[in-house]
Amino acid sequence: MMVDPEAAAAAESAGEGALLPCGVGAKVGYAGEIPVEAKWRIVRLGTGHFTGTGPMYGGAKFNIGPMALVTDEDSGVSAVLAAKRIQANDKEMFRHVGVEPAEVPILVLKSTVHFRADFQPIAEEILCVRSPGAHVTDPAELLYRNLRPGLRLTPLGPVRE
């Protein structure tokens with residue numbers, strides 16, 4: 001899911017089937033973010049009101065504002081736009097705009113760990129990558145000041161002197 005309140009609102013105004021004439025994403029404010037420019041076709045709209053079904057959010061009521069499933073006409077890559085920021089760790093976030101996660105050959109999530117409870121059972125493989133965001137996923141990148149000598153910051157990582 002890409003958080004972009006302006007693009008989600010523009011999609012809602014334009015309607016299903018219309019072209020979305022803007023780059024999407026890069027609205028959270030982290031270093032390294034750039035909007036994704038494409039010929040976005042609005043495939044499906046959602047209100048952002050739905051109930052979580054997964055192990056972590058099961059039963060939780062969501063209101064994340066206008067949502068849209070958009071597809072780049074050139075590459076066929078799709079994205080889910082949302083107006084409000086939330087960690088993508090419940091399949092219902094995708095189903096709300098017509099995407100069944102188990103039927104998608106490649107699904108990209110921006111989440112550190114919590115996604116695993118709902119998505120790992122449908123995954124053939126999980127690839128973890130580094131991307132801009134609020135949370136550092138590599139503990140070696142944190143600026144520690146008072147660690148005891150001999151500690152490893154990552155499993156099987158180098159011993160800290």
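Analyst: **Inside the fold**

The protein chain holds three helices and seven strands, where helices (H or I, at least four residues) and strands (E, at least two) are DSSP runs numbered from the N terminus. Read from the N terminus on, the elements follow the order β-α-β-β-β-β-β-β-α-α. Before we go in, please keep in mind that this is a predicted model: local features need pLDDT of at least 70, side-chain atom pairs count only at pLDDT 80 or more, and totals for chains, interfaces and linings use all residues. Residues are numbered from 1 along each chain as its sequence is written, and side-chain values use heavy atoms, with hydrogens and water left out.

The pLDDT is the predictor's confidence in each residue, from 0 to 100. Its average over the protein chain is 90, and 96% of the residues score at least 70. Among the elements, β3 has the highest mean pLDDT (98) and β1 the lowest (88). Along the principal axes, the C-alpha atoms fill a box of roughly 60 × 30 × 30 Å. Of the 161 residues in the protein chain, 31% are buried; buried means under 20% relative accessible area, exposed means over 50%, and partly exposed lies in between (1.4 Å probe, protein chains only).

Let's start with the sheet. Five strands form an open sheet in the order β1-β7-β6-β3-β2, with mixed pairing; two strands count as paired if DSSP finds at least two bridges between them. At its edges are β1 (2-3) and β2, each of which pairs on one side only. The strands β2 and β3 run antiparallel and are joined by two bridges, and Leu 19 stands opposite Arg 41 in β3.

Now for helix α1 (residues 5-14), whose buried residues are Ala 7, Ala 8 and Ala 11. Seen down the axis of α1, they fall within an arc of 100 degrees, so they line one face of the helix; the arc is that of the directions from the helix axis to the C-beta atoms. These buried residues pack against β2, β3, β6 and β7, where a contact means heavy atoms within 4.5 Å. After α1 comes Gly 15, with a positive phi near 95 degrees.

That brings us to the core itself. A nonpolar core here is a set of buried Ala, Val, Leu, Ile, Met, Phe, Trp, Tyr and Cys residues joined through side-chain atoms within 4.5 Å. The largest one has 16 residues, and those touching the most other members are Met 1, Ile 64, Met 67, Val 80, Met 93 and Phe 94. Two or more residues of this core come from each of β6 (67-72), β7 (78-82) and α2 (92-95). Another core, of twelve residues, lies apart from it and includes Ala 7, Leu 20, Ile 42 and Ala 83.

What does Ile 64 touch, not counting residues up to four places away in sequence? Its partners are Met 1, Gly 48, Phe 50, Ala 82, Ala 83, Lys 84 and Ile 86.

Asn 63 counts as partly exposed because its relative accessibility is 41%. Leaving aside neighbours within four places in sequence, Asn 63 is in contact with Gly 48, His 49 and Lys 84. Asn 63 and Gly 48 are 15 residues apart in sequence, yet their C-alpha atoms are 5.1 Å apart. The side chains of Asn 63 and His 49 make a polar contact at 3.4 Å; such a contact is a pair of N or O atoms within 3.5 Å, and within protein one must be able to donate a hydrogen and the other to accept it, while residues adjacent in sequence count only if both atoms are side-chain atoms. A polar atom of the Asn 63 side chain also lies 3.5 Å from the backbone nitrogen of Gly 65.

Glu 92 counts as buried because its relative accessible area is 19%. The side chain of Glu 92 has a polar contact of 3.4 Å with the side chain of Thr 53. Setting aside neighbours within four places in sequence, Glu 92 is in contact with Phe 50, Thr 51, Gly 52 and Thr 53.

For the chain as a whole, 48% of the contacts with a separation of 6 or more are between residues 24 or more positions apart.
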